[in-house]
Amino acid sequence: MREPITRILRGSALALILLFFLFPILWILLMSFQTNADILRIPPRLGFTPTLSNYVALLSGKLATSSGTLDITFLRNLGNSLLLSVASVAASLVLGVPAAYAFARYRFRLGESIAFTLLSFRFAPPLLVLLPLSLYFQILGLTDTYGGLIWVYQLITLPLILWIVRGYFEDASPDIEHAYRVDGHSWWRTFTRIAVPLARPGIAAAGLLAFIFAWNNFVFALVLASADKQPVTVGALAFVTAAGIQYGQIAAAIVLSILPTLALALYAQRWLVEGLSLGAVKG
Amino acid sequence: MSGLEISGIRVRFGHAEVLRGIDCRVAAGETVVLFGPSGAGKTTLLRAIAGVEPAASGVVRIDGREVQDLEPEHRPLGMAFQNFSLYPHLSAYENIASPLRARRLRTPEIEIKVRRVADLLRIDHVLGHLPRELSNGQKQRTALARALVAEPPVLLLDDPLRNVDAKLRYEMRLELPPLLRKTGAAVIFVTQDFREAMALADRVVVLREGAVLQDAPAEEVYGAPASVPVAQLFGDPPMNLLSARLVQEDNRVRAEAAGMAPGFPDLDITRMEAPLLGVRPEDVLLASPATGGAHAEILAVTPLHERCVLLLRAADGTELVASMAGAAPDPGTFVSIAGARHAVLFDPASGRRLAISDARTEVVA
Amino acid sequence: MSDKARDLCKARVAGRISRREFGKRITALGIGAAAADGLLQASYTRAMAASFDWMKYKGTTVKLLLNKHPYADAMIADLDAFRALTGMDVKYDIFPEDVYFDKVTAALSSRSSQYDAFMTGAYQTWQYGPAGWLVDMNEYLHDAGKTAPDYDFEDMLPNLRASDSWSGVPGAPLGGTGAKQWAIPWGFELYSISYNRNIFDQLKITPPENLPDLIEKATKITKDAGGPYGVGVRGSRSWATIHPGFLSGYTNYGARDFTVADGKLKSAVDSAESKAFHELWVKMIQEAGPKNWATYTWYQVGQDLGAGASGMIYDADILGYFMNGAGNKEAGHIGYTPIAPNPEAKGPTSNIWIWSLALSNFSNAKDAAWYFIQWATSKQHDMFGARKKDLVDPVRASVWADKVFQDRIAGSYPGYLETYKATAPDAKIYFTPQPLFFNVTTEWAAALQRMVAKEVAVSEGLDQLAATINRELRDAGIG
Amino acid sequence: MSDFALPVPAKRWRVGRLLPYLLSLPSLLVCVGIVIPFVASAIYSLQRYNLAFPTGRAFIGFGNYISFLSDPSFWNTVEVSIIYTAATVGIELLLGLAIAMLLRERTFINNVISVVLMLPLMTAPALASLMWKLMTNPGFGVLSWAVSLIGLSNFKWASDPHTAMLTVVLVDIWVYTPFIMILLLAGLRSLPPAPFEAAQLDGVPGRFVFFRVTLPMLSPFIVTACLFRLLDSIQQFDIIYAMTQGGPGDSLMVFQVGAYLEFFQYTNVGRSAALLMVLWVITYFLSDRFVRQWHKLRERRQGHA
């Protein structure tokens, strides 16, 4: 159908793009199978004897350095990341999906103002709230609790979910829901059986993006939580040690920290793109 | 009373009033067609009745019970939406079963009822399909089945034939009246197509700009539109509206225009500046030029169904539309206008109907 | 443990027998040297307990905020001894250095009672002290009821004790009159040259003696060593770039950061001495420093030395120590040498960094936390860290005099002790204490980056820097 | 018999009017909890407030803001932030759009590529920066080695004021282009096929279709993507702080890095808060404009549909 020259151009453009975006990932993957000595060679080389020592160190929690064996809490950090991200996204979905529905379906006094205010939290510089927040959390007794962190994480996840899901609801015809209510189903049943299932691609995609952003957060947990509640983003800095930066372990940590998100993304692949489109479900 | 009774329904969208106090009654077993141009508020009225569009004021009674303050799910009615509004993630079977499930019927009972209505609408072979796997006609029948399945006392059908092809529409026009009558429900059927209205309606309610223009049996709306707008809306091709001259004659008044001069025995006004004479195209009596009468030039000819429609210029220069059976004459030739079989006279200022012609046909000398 | 061995340990602890005598007799009892150290440690603990009510806060838990550092690792390794001694429990949060001080600032500025004691440097106490976040330890040190009789604060090197002690008046000398003891020194580092012996041997050059000599040799390495560059120093836009080798050399050239008159500070970075030194330093980086020097923290400086990417570093002596350890490519090839950058100078004038322990003013268990700090800075624990772990620049004179420690260092890290000894006498904090320390040094690092990038000439850059610093001092009301 | 044996509900009062508030208030309340610190920050910004000078704390009105006006470092921050934001969002938008166009067809391979291309987004910027720092290390860095192969042996990446911006922009592009790509891809795939088929049948040139059909129809998505990226970009912190801490010199001193240093290094709460308030005003203004535009485009798009 298409001219071969276009196909070649398109193919090589894609190849270049994949190279740019995936080369660093590939390099990190390679690094995760190397010892620090292999990584710190001049000039860098491809050939090396692969080792699983980085992964072993991460998973066993023992890091051997020149200044002795250090305990590392990577698995705990990974668990914290999972807990914080999953709980934050779940809370955001519970709070945000009904709100998104309200903004999409009803025109009500102050509705737009509330919607914009919610969005504007996404735009507030995190540091702006972070500075007094630690003081405030101290008063509320939320310092160093998962609950407090999940609350603050709402600043990241809630607006994203709210706005993407709202667009999705807006583009879906309300008549399908009307029909269901006329059939005799309550509002709540209609919301849970019709509105939400139909918006599932949008919810899945928004949830995934929110998950990624929550997962990548650094500064909130750093300031507000003690070491045993830190996510991987902060925890991986523990590999910057006096005896040298443990690049191999950092690389392995990145690989391991990407895996859950990647798995989620591949699972949600079929909804991901469709879900971010404002395009409605066509009956 | 049993059936549907609405009064004083008002709906506002922001500052615009979309429905300005609608009153209407539909008896059980009766089919009322809600007719009007787009934007008239037909769909809004159905929605207000169903409760999915909040009404600013007004009363909706179903079988004598006020329901305007109830949520949609508590109103005993069924509704078919113009765009079908099937649940895309549920099979046709589940779509149809939905009202029954809402009423918590037991599974075998649901099965029986769904099968029955599906048989009736000839979609029993596609019950397992998802909506996107259905043809438009099947979708339409599924939507209809869903509205019918719980045998509600009130049925609201929002232009259900609009999105289906001509053949199916024709079939459905024939099938629907007995079907609806069988349900015994009070039916409101929305359409923009006057033929559909004529075919289905026990009564037609003509709606424009949020107000009822006429509420009468279909033949009456056709034959005796209550006002100029109704005359313009209802009918295809629409009624000729010709500026007429009143002529007092014995015990009646004649209105002369374009070579026609129907008589109006009940008219008590004798003098009026240019009243409007409404004549349906098929009521324009045509004759060959040889038979005398007023000559008119044929400007254009279009076939419409089994008849052909002629655009004429009468001797006095008035243009009008007539229709006739048989072979189409050539444009440029002449016919003779012999009179009007039936005509309506309107007040040009208010647009209101003044009188209906008597049965005698007259030919102007 | 046999009674005989226990008696022997007690005798050693009480100072009745010499170390050598102790070693000889314990060997005679058939106990290996390592086991004997353990015995000694245990009996020290018992000896401490004998003369002081260490069990007073039994059952209390102390929570610490720690930086990820070998010194902290050494302490953690010895925590069981503290638990046994006091019946208290210790919990700790440990954070990487990149974010550690931000974490401290966040915790203290929110007046959090979460942490009772934490690690700090001296510079930080110049902020934390005036801010009211720290407890003045003098009230504990001088209270016989709270401090064990054998604690011997005077055993700590005087410059270190003074460094953590300040009156809070900007410009007032450290350890001067009215000074408060904001923190207790615990482990420290000073600044000298650590070099790659292989590279030096290969190029047949000797360790540098002063800055011009260093520049010459470093330039030669960059040119001739076939890959490695000459000298690694820090360069990130941070106070940390200013305080190690840089300030040591700066001081050696007779330059000061401020002049103090009538209680007001004035920047002295635009002095002739300062400009002369900056010219050399900038030249050194341009000609023989790491290419992306401006992103270098001590991790990169150390990493390059350990991986053989640099010929030498002018940075913390302990950094050279760590890079000589297993896991690094150049392990065992690192040499150490003191440096007095100014050829005219009598000797090195090294600035120092002191890891200290401070007591949070918001702690709900201050007395108990003091017990912990007291233990962690005691001779006993200092000795444990120095002998067994990597607390290699311990703060106590008695530990430096310890033969076991000396032998261990001399064995694996030749030149380290000698370098320390040559550098230590004049090693102290050469900054003028004042609360805008971080503003000034960060601006300073940024200015240095611009000079190295040739965005501004050295002299002009320093004039601008002085003006900026003076303005900030005035704004804060101390200039 | 009809199935309408419906119970008469007790309440005659319709919950409908309150429903939207009931639905949206929980999320609002959750966020309002966060507003309290925000107000505290606003108050701090009106004070001379350095934690290390507790006695000097005083209300000084807009003093902090006024001092910015004459402070060249503040204007440098504004300039650097604008350049950074314009460069990152501009390039990411173009690149993201190009990739989305390439992956437009709904094939399995394209779907997989689009997920795989999101890998950089899944790498936390704090960690990604660490790896980029290693990759651009002149000794061990694979990228430094690669550019030396093409003759750039003295390329100093983030260390040179001339290339530092380029380097962090590169990292930002690497991390965030996938975000724009995925939003625009979703947009492209949701466009109705009819206009494109018609254009193809009519033999309308591709470029014309792109500029006159694709771009206008895609604009709500472009606005959304830009909105999120623009506001994230102007608030950039992780990458710049991890790579250069705002250096060399002041060449990368963006708002949040400046404010972070003011607070965490200099304990100058008042100045830090004032700097952040300025940033907030900028983002509020920008987002307000964008949201208006977004509503307008959506209405137009729905009007077409």
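Modeller: Let's start with contact, which here means heavy atoms within 4.5 Å. In chain A, take the contacts between residues at least 6 apart in sequence: 72% of them join residues at least 24 apart. In chain B the figure for such contacts is 65%.

Biologist: Before we go on, what kind of model is this?

Modeller: This is a predicted model, where local features need pLDDT of at least 70, side-chain atom pairs count only at pLDDT 80 or more, and totals for chains, interfaces and linings use all residues. Residues are numbered from 1 along each chain as its sequence is written, chains are lettered from A and ligands numbered from 1 in the order in which they are written, and side-chain values use heavy atoms, with hydrogens and water left out.

Biologist: Okay. How many helices and strands does chain A have?

Modeller: Helices (H or I, at least four residues) and strands (E, at least two) are DSSP runs, numbered from the N terminus. Chain A has 14 helices and four strands, while chain B has eight helices and 22 strands. The C-alpha trace of chain A spans about 70 × 70 × 30 Å along its principal axes. For chain B, the C-alpha atoms fill a box of roughly 75 × 45 × 35 Å.

Biologist: And what share of the residues of chain A counts as buried?

Modeller: Buried is under 20% relative accessible area, exposed over 50%, partly exposed in between (1.4 Å probe, protein chains only). By that rule, 66% of the 283 residues of chain A are buried, and 53% of the 365 residues of chain B. Accessible areas use the Shrake-Rupley method with a 1.4 Å probe, and for residues only the protein chains shown count as cover. Chain A has an accessible surface of about 9900 Å², with 68% of it belonging to carbon and sulfur atoms. For chain B the surface is about 15100 Å², and carbon and sulfur atoms hold 50% of it.

Biologist: Can we zoom in on one residue? Is Asn80(A) buried or exposed?

Modeller: Asn80(A) counts as buried because its relative accessibility is 3%. You'll find Asn80(A) in helix 4 (residues 74-105) of chain A. Leaving out residues up to four places away in sequence, Asn80(A) touches Tyr146(A), Asp228(A), Lys229(A), Gln230(A) and Pro231(A).

Biologist: What joins the side chains of Asn80(A) and Tyr146(A)?

Modeller: A polar contact is a pair of N or O atoms within 3.5 Å; within protein, one must be able to donate a hydrogen and the other to accept it, and residues adjacent in sequence count only if both atoms are side-chain atoms. The side chains of Asn80(A) and Tyr146(A) make one, at 2.6 Å.

Biologist: On to whole chains. Which chains have the most contacts between them?

Modeller: Five pairs of chains touch, and chains A and D have the most contacts. There, 91 residues of chain A meet 95 residues of chain D. Buried area is the accessible area (1.4 Å probe) that two parts lose on being put together, summed over both. Between chain A and chain D that is about 8600 Å², 80% of it from carbon and sulfur atoms. Phe21(A), Phe123(A) and Leu128(A) supply 8% of what chain A buries against chain D, more than any other three residues.

Biologist: How many salt bridges are there between chain A and chain D?

Modeller: A salt bridge needs a side-chain nitrogen of Lys or Arg within 4 Å of a carboxyl oxygen of Asp or Glu. The count between chain A and chain D is zero, though eight residue pairs are in polar contact (both at pLDDT 80 or more). Helix 1 (residues 4-31) of chain A brings the largest share of the side of chain A that touches chain D, 14 residues. For residue types, Ala, Val, Leu, Ile, Met, Phe, Trp, Tyr, Cys and Pro are nonpolar, Asp, Glu, Lys and Arg charged, and the others, Gly among them, polar. That side of chain A divides into 73 nonpolar, nine polar and nine charged residues.

Biologist: What about the interface of chain A and chain C?

Modeller: Those two chains bury about 2400 Å² between them, with 63% on carbon and sulfur atoms. The rule again gives zero salt bridges for chain A and chain C, plus seven residue pairs in polar contact (both at pLDDT 80 or more). Chain B and chain C, in contrast, do not touch, and their nearest C-alpha atoms are 50 Å apart.
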